Amino acid sequence: MLCDVCNASLDQGQGEWVTADAFRYLLNNGFGIHESNIEMVVSAGVTRDEAIDILRRQYTASSSDWLLCGECAREATAKLAGMRERWIDAEHVAVTRTAEEVGHGFHTLGAPVALTKILWTKCVEWTEEDTHKQCYQEQDARLWDVLATGGATLQLRINLFFKSQCHKYTVLCIPRDGVATEAVAVRLVMRPKQMHESFWLVINLVEP
Ligand SMILES: [Zn+2]
């Protein structure tokens, strides 16, 4: 038997089985694509990014259980434990812990909170490279801006939200587009959504 992630050989009964769904969850959170497999695909003549993309699609499509060696299992556990925000699927990142700290409307609703990928990518995600290209920003502060304004305005209009199941608000943010250095107004919308066996409050960009 081999570890499905790093190809380490395992004796009978060694390693940990992970369901396809659980593995997809790990994959969405940046675990599961081993360097040796990336190198193998790259050697077939594609770029590193393309190789990761190919492997990610292939792994995501798999419906069989995964066998992880002890080291990979430990790495996956450590990776998740160290993450404040986790991707619950490829399109939604959970931000419940920060929303709980913000309180206000989030506290009143008491539901887990998620951002859509498009909102996360444009208004929250920020790396050192982005600071280099655009200007200095901190990802945690960007997330706080999105949620603090959301929680406060939601609380003010909570009765309306219960009736309409929708809350729109505006945040000022520097879009992560490789060039902007000034904040612009971005319209956001919160809606309840049933997913992964829970009722979530999902925040998304308002479609233009
Ligand atoms: Zn392994």
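## Ground rules

Residues are counted from 1 along each chain, following its written sequence. Because the model is predicted, local features need pLDDT of at least 70 and side-chain atom pairs count only at pLDDT 80 or more, while totals for chains, interfaces and linings use all residues.

## Two domains

The chain splits into domain 1 (16–81) and domain 2 (86–205), with bounds taken from an automatic or database domain assignment. Their C-alpha centres are 28 Å apart.

## The sheet

Now for the strands (DSSP runs of E, at least two residues, numbered from the N terminus; helices are runs of H or I, at least four). Six of them make an open, mixed sheet in the order S3-S4-S5-S8-S7-S6. At the edges sit S3 (86–89) and S6 (167–173), each pairing on one side only; pairing takes at least two DSSP bridges between two strands. From one strand to the next, the twist averages 35 degrees.

S3 and S4 (residues 92–94) pair antiparallel over three bridges, and Arg86 stands opposite Ala94 in S4.

Asn7 isn't a glycine, yet its phi is positive, about 70 degrees. You'll find Asn7 in the segment before strand S1 (16–18). Asn7 is exposed, with 12 other C-beta atoms within 10 Å (12 or fewer means exposed, 20 or more buried, in between partly exposed, with C-beta atoms placed from the backbone).

His104, in helix H6 (residues 104–109), also has a positive phi, near 50 degrees. His104 is partly exposed, with 19 other C-beta atoms within 10 Å.

Methods
Axes are lines fitted to C-alpha atoms, for helices over the stretch in contact, and angles run from 0 to 180 degrees between N-to-C directions.
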